[in-house]
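Q: I would like to learn how to read packed helices and paired strands in a protein model. Could we go through one together?
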Amino acid sequence: MVGRGKLSDQIPRSLLRRGSFMVKDKTAYSLTAIILFIIIIVMVIYHGSRNRLVASGTMKFTIENPEEAYDIWKDKNVKGRILLLFDNYPHMRGYYTYDGIPRLDRSNFVEFGVFQNIIRKIFVIPDREWEEFQQQEAIHPLRKAAWGERGLYLFSMSGIPIIATTPASLPHIAEEPLVYVNDQKFDYETTMDLLSRKKIVSDIIIRCRVKGGMWKGTSSCLLRSSCLPSA
Amino acid sequence: MDEQGHVPAAMHYWNDGQFEPDRWEHPPLRHILLYGFLRLFGDNPYGWRMRNVLFGALAAVLTCLFAWEISRSRKTALTAGLLLAADPLHIVLSRFTFCEVYGGAVFLAAVVLYVKYWNTFSRPDPVQAGGDTDGLPDHPVGDRHHALFVLSALLMGCALAIKWNFVPGWILLLLLALFRNNTYRNFRAALFVSSVYFLIPLGVYILSFYQWFGRGYTFGEFIEFVTNIYYSFQLYTAQYYDQGLILLSRISAAEWFVSPIVLGQGTYLSADRGEFILFVNNPPIWILTIPSMIVLAVVAVKRRSMTLALPMLLFCASYALFLFIRRPAFLYSAAPLLPFAFTAIAFMIAKLSDRYGPRLYYAALAVKLSWSLFLYPLVTAKKVPIALYSYIINNPDVSIH
């Protein structure tokens with residue numbers, strides 16, 4: 001920027017020195033910007049990791065009511081976790097569509113976990129055939145997952161990442177997820193075998209023996225116009 | 001109005017890092033700003049709306065400064081500022097919680113600082129120039145001026161962290177800075193421009209998600225989330241909105257500057273009086289936008305002045321987004337374009353008055369401001385005589401109760 005072209009011969013030395021300082025100054029600004037950017041990245045990564053709380057060891061629970069899963073998570077003080085859901089597509093209608101403050105019930109324990117920041121991401125392995133699952137009215141795919149043909153990111157009102165996939169396409173999950181198995185829909189032993197084949201280790205594995213699964217509904221308030229804010 | 005969703009979303013985001021009931025696709029600085037105003041003024045209409053009132057007023061001042069930096073003409077600067085201050089759409093949006101007002105003001109502040117920095121380089125140093133300033137390359141400016149560029153980058157980051165709509169303007173300014181005087185060929189200069197004007201805005205954008213990261217998310221999941229936002233925007237076609245939404249009747253950005261648009265709702269208080277909240281595009285003024293942009297472009301090319309071309313370039317970059325996106329382009333999205341449109345209009349009026357006499361300038365200004373002020377009570381829910389505005393109210397897009 002400084003002292004280029006014909007003009008450079010005419011610039012007094014004092015100005016050249018000033019120009020040289022300017023270049024150094026620009027470099028200082030550049031380095032400061034880069035360092036600040038790195039600090040921001042480190043800061044948010046640290047903030048995220050600080051809010052992921054895992055229970056020690058591996059605990060297995062058998063429950064009869066789906067909403068008991070939430071109580072277990074709460075009791076074990078876990079937070080900011082991935083949920084591996086071997087069940088129907090979860091009931092996710094959005095915080096402000098409830099009449100008043102949302103209350104825990106058998107149909108919304110997953111969403112309730114999201115509201116309480118216990119769950120930050122969901123891998124859902126639906127019980128239905130893949131093609132049949134995709135044709136459900138409640139399913140609004142955003143995009144295909146990068147790691148497999150049978151992996152779909154689904155829209156939700158809260159924006160929480162929900163990835164639907166099949167047992168065979170389930171990717172390895174590096175961190176310990178919470179696992180919930182509806183054993184009316186999935187064979188528990190087969191599911192455990194799948195987890196071990198995928199090298200997925202969990203701190204809390206919940207087996208739900210309730211008849212009919214966690215949610216029997218056929219539609220949810222995902223992208224229906226009545227559920228959306230005005231603009 | 002939208003504040004029914006925006007206010008609880010601000011509290012929800014600050015406390016839990018969650019976006020509901022607002023859309024999760026929009027960046028969250030809006031929530032942080034609103035939360036700050038709620039703390040400052042309380043959870044009442046002042047707290048809800050002062051953000052837009054203050055930033056709306058600031059936008060008029062910034063438009064004035066922008067037009068001044070572009071033209072160095074008091075007439076142009078004053079006219080541009082006044083046109084925005086009196087524009088009915090800008091006034092209506094400044095009374096609610098629409099992000100176009102404060103987002104637009106922050107974006108404009110970034111642009112003003114950018115142009116100021118740019119102009120610092122453009123005016124040749126008289127010591128070097130020896131009185132002849134034509135065709136000289138940059139002179140070494142005082143180091144403190146780089147702070148303008150850094151500050152502009154910070155504000156640009158804030159604009160991006162309010163809405164993605166400002167991305168085209170950001171990329172345009174970044175490219176102009178890189179290509180100006182072949183900066184990209186000089187490693188240190190290119191590093192300076194790209195690190196400051198790319199990394200700082202990006203850093204601010206990421207930082208605005210701090211509360212969201214507090215839900216346990218990783219940086220990889222942030223990339224995943226931003227990708228999901230992009231795909232989710234593709235889902236938002238007209239049929240996905242509440243079909244009772246009044247704005248849905250006019251969703252094409254192509255109409256904004258060429259045909260009258262009146263949207264809104266109102267109530268008849270008696271047989272001859274009523275009150276209305278209307279979103280209008282003020283055709284007597286807006287219609288001049290495209291011709292003014294052409295005039296500005298011609299003058300900029302003649303003078304070989306990139307600075308003069310900036311309003312046109314920023315307008316085109318921002319407007320092109322709305323012309324080509326799939327989701328409906330509601331009229332309120334035009335608000336951030338107005339400072340650039342009004343700068344071009346003011347520039348044209350000032351040029352014409354230079355040629356045809358100052359009376360033309362004052363007459364044009366008086367007519368335009370009178371018209372805007374005539375619309376003011378109609379659009380802002382003041383009690384108005386129906387007869388006076390019947391030709392505007394009797395519009396199929398105005399829903400009367």
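Q: In which hand does α3(B) pass α16(B)?
A: This is a predicted model. In it, α3(B) passes α16(B) in a right-handed crossing.

Q: What describes two packed helices?
A: The angle between the axes and the distance between the axes describe the pair. Here helix α3 (residues 45–71) of chain B packs against helix α16 (residues 338–356) of chain B at about 50 degrees, and their axes are 10 Å apart. Because of that angle, α3(B) is oblique to α16(B).

Q: Which residues make the contact of α3(B) with α16(B)?
A: On α3(B) they are A59(B), T63(B), F66(B), A67(B), I70(B) and S71(B). On α16(B) they are P339(B), F342(B), T343(B), A346(B) and F347(B). By class, this contact of α3(B) with α16(B) holds eight nonpolar residues, three polar and no charged.

Q: At what angle do α16(B) and α17(B) cross?
A: The axes of α16(B) and helix α17 (residues 358–379) of chain B cross at roughly 145 degrees and come within 6 Å. From α16(B), the contact uses I349(B), A350(B), L352(B), S353(B) and Y356(B). From α17(B), it uses P358(B), L360(B), Y361(B) and A364(B). The contact of α16(B) with α17(B) has eight nonpolar residues, one polar and no charged.

Q: Now strands. How do the strands of a sheet pair?
A: They pair through backbone hydrogen bonds, either parallel or antiparallel. In chain B, strand β1 (residues 262–268) and strand β2 (residues 273–280) run antiparallel and are joined by seven bridges. G264(B) stands opposite L278(B) in β2(B). A hairpin of four residues leads from β1(B) to β2(B).

Q: How many bridges join β2(B) to β3(B)?
A: Two bridges join β2(B) to strand β3 (residues 384–385) of chain B, and these strands run antiparallel. G274(B) is placed opposite V384(B) in β3(B).

Q: What is the order of the strands in the open sheet of chain A?
A: This open sheet has eight strands in the order β1-β8-β7-β2-β3-β6-β5-β4 (chain A), and the pairing is mixed. β1 (59–63) and β4 (141–144) of chain A are at the edges with a single partner strand each, so one side of each has no neighbour in the sheet. From one strand to the next, the twist averages 20 degrees.

Q: In which sense do β2(A) and β7(A) pair?
A: Strand β2 (residues 81–86) of chain A pairs with strand β7 (residues 178–182) of chain A in the parallel sense, over four bridges. L85(A) stands opposite Y180(A) in β7(A).

Q: Which helices pack on this sheet?
A: One of them is helix α2 (residues 68–75) of chain A, which touches β1, β7 and β8 (204–208) of chain A. The direction of α2(A) makes about 165 degrees with that of β8(A). Another is helix α12 (residues 219–235) of chain B, which touches β3 (119–125), β4 and β5 (151–154) of chain A. The direction of α12(B) makes about 120 degrees with that of β4(A).

Q: Backbone angles are left. What is omega for the peptide bond between E20(B) and P21(B)?
A: Omega is about 5 degrees, and this bond between E20(B) and P21(B) is cis. P21(B) lies in the loop between α1 (3–16) and α2 (29–41) of chain B.

Q: And what is phi of N77(A)?
A: Phi of N77(A) is near 60 degrees, a positive value in a residue other than glycine. N77(A) belongs to the loop between α2 and β2 of chain A.

Technical notes:
Residues numbered from 1 in each chain as written. Chains lettered and ligands numbered in written order. Predicted model: local features only at pLDDT ≥ 70, side-chain atom pairs only at ≥ 80, totals over all residues. Axes fitted to C-alpha atoms, helices over the stretch in contact; angles between N-to-C directions. Parallel < 35°, antiparallel > 145°, perpendicular 65-115°, else oblique. Left-handed = near helix turned anticlockwise from the far one by under 90°. Contact = placed C-beta atoms within 7 Å. Nonpolar A, V, L, I, M, F, W, Y, C, P; charged D, E, K, R; others polar. Pairing = 2+ DSSP bridges.
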